[in-house]
Amino acid sequence: MAAWNAQSVRKDFVLLENTDRVYFDNAATSQKPQAVLDATREFYEKYNANVLRGLYPLSVEATERYEQARQTVRQFIHAACPEEIIFTRNTTESMNLVAYSYGMANLKAGDEIVVSILEHHSNLLPWQMVSKATGAKLVFLECEPDGTISAEQMDAAFSEHTKLVAVTQVSNVLGCVNDIPTLVKRAHDCGAVILVDAAQSAPHMAIDVQQLGVDFLAFSGHKMLAPMGIGVLYGKRELLEAMPPFLTGGEMIESVSRYDAIYAELPHKFEAGTVNAAGAVGLAAAIQYLNTLGMENVHRAEQELTAYLIKGMQSIPHVHLLGSARPDNHTGIASFTVDRVHPHDISEILSSDGIDIRAGHHCAQPLHQHLGIPSTARASVMFYNTVAEVDRFLESVANVRKRMGFGDE
Ligand code: PMP
């Protein structure tokens with residue numbers, strides 16, 4: 001039993017405390033607790049210097065804090081060593097790093113890249129680029145309307161030509177959880193490497209990269225209580241060591257001569273230029289905050305709230321929930337449509353009731369095309385959201401059609 005609840009943690013979130021609005025756009029970005037704001041501010045107030053450069057105490061201290069943050073991330077996802085943790089700006093940059101560095105160097109015509117139809121554009125467009133540049137073919141793992149990828153769909157996508165698999169752990173539209181252990185096994189059985197997009201899973205569930213056996217895993221700090229502009233790429237050491245740098249310039253070299261350079265060891269080979277040290281420190285504070293709550297407790301609280309939300313929506317006439325009918329396969333996400341009401345109108349009406357949700361294609365146009373729906377409204381909750389907020393949301397959704405002038409039919 002957790003020693004906290006949504007009500008008791010809300011005092012840690014200044015923005016939530018100072019508003020009457022209901023923030024249900026957590027899948028886009030999370031709110032930040034005071035501990036994260038303090039850690040970021042403290043970095044600038046007490047330790048600000050460029051890391052990895054100066055030999056003077058301030059720079060040494062800034063570097064220590066940056067490298068401690070890397071250790072905190074390593075422990076959070078159970079990576080074997082800090083060299084396997086690369087700091088980036090966000091999930092998008094992490095996945096582009098794999099595409100441009102690993103993909104461009106290792107893929108060629110005749111090879112196949114497998115992506116799922118559930119992917120966010122940031123785990124699709126980099127592979128479209130690699131496909132065009134190398135001649136490797138892009139192959140889609142299809143999914144059922146509830147997001148499930150069946151064994152037959154896997155059989156159809158994987159082959160001896162599969163060299164790279166890029167899949168999301170949790171869909172940002174359906175909230176469903178992909179069976180990563182099976183996908184890892186299928187990828188490895190083909191001799192392929194697998195990149196997992198953990199943007200929507202890392203904030204909500206415990207992740208053990210070694211247990212999962214993934215080769216690469218990407219996530220963003222800002223969706224898990226940390227500041228914007230800091231992200232992570234996990235990669236298996238032997239893979240990262242063999243990869244060429246993605247960005248080149250300062251801080252990623254051992255030595256440089258006129259026409260050549262020797263690159264730095266991991267992880268710095270992949271961290272060109274001045275890094276976001278305050279962001280990394282903020283991410284470490286966010287992880288410490290989550291660890292104090294306990295990821296199992298966070299997961300359980302969010303599952304309970306999501307179940308309440310989903311069941312409530314299922315009982316409102318004219319509301320159609322996307323994805324699984326099972327609340328436990330929604331990871332805080334409820335995408336929906338309302339008969340004859342455009343999602344932008346749903347969002348406007350909810351906004352006028354003080355409820356912030358998202359409407360559109362959620363950077364997943366191929367998935368919407370696959371489902372035959374141009375756009376959806378999406379509510380996404382986190383552990384700091386309350387049952388009372390869900391009640392306000394449900395009441396507003398129940399009134400959408402009336403507000404649009406439809407009768408009770
Ligand atoms: N993948 C998924 C599944 C996402 O939901 C998002 C963010 N909406 C991203 C990738 C991209 O994250 P970022 O914008 O932080 O790079």
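His 362 lies in the loop that runs between β14 (358-360) and α14 (365-371), and in this predicted model its phi is near 55°, a positive value in a residue other than glycine. With a relative accessibility of 4%, His 362 counts as buried, because the cut-off for that class is under 20% relative accessible area.

**Backbone geometry in loops**

- Most residues other than glycine have a negative phi, and most peptide bonds are trans.
- His 318, which is not a glycine either, has a positive phi of about 70°, and its place is in the loop between α12 (295-314) and β11 (319-321).
- At 26% relative accessibility His 318 counts as partly exposed, whereas His 362, at 4%, counts as buried.
- The peptide bond that leads from Leu 266 to Pro 267 is cis, with an omega near -5°, and Pro 267 is placed in the loop between β10 (261-263) and α11 (277-293).

- Glu 251 is found in the loop between α10 (237-242) and β9 (253-256).
- The relative accessible area of Glu 251 is 15%, so this residue is classed as buried, the limit for that class being under 20%.
- When its neighbours within four places in sequence are left aside, Glu 251 is in contact with Asn 50, Val 51, Leu 52 and Arg 53, and also with His 268, Glu 271, Gly 273, Thr 274 and Val 275.

**The ligand and its shell**

- There are 13 residues around the ligand, and those that come nearest are Thr 92, Asp 197, Gln 200, Ser 220 and Lys 223.
- Sorted by class, the shell around the ligand consists of one nonpolar residue, 10 polar residues and two charged residues.
- In the side chain of Asp 197, an N or O atom is 2.5 Å from a nitrogen atom of the ligand, while for His 120 the side-chain N or O atom is 3.2 Å from a nitrogen atom of the ligand.
- On the side of Gln 200, an N or O atom of the side chain is 2.7 Å from an oxygen atom of the ligand.
- The ligand taken alone exposes 400 Å², and the protein buries 87% of that area.

Note on methods
Residues numbered from 1 in each chain as written. Predicted model: local features only at pLDDT ≥ 70, side-chain atom pairs only at ≥ 80, totals over all residues. Heavy atoms only, no water. Near = heavy atom within 4 Å. Polar contact = N/O pair within 3.5 Å; in protein donor to acceptor, adjacent residues only side chain to side chain. Areas by Shrake-Rupley, 256 points an atom, 1.4 Å probe, with all protein chains shown as cover. Nonpolar A, V, L, I, M, F, W, Y, C, P; charged D, E, K, R; others polar. Helix = DSSP H or I, 4+ residues; strand = E, 2+ residues; numbered from the N terminus. Buried < 20%, exposed > 50% of the residue type's maximum accessible area, 1.4 Å probe, protein only. Contact = heavy atoms within 4.5 Å.
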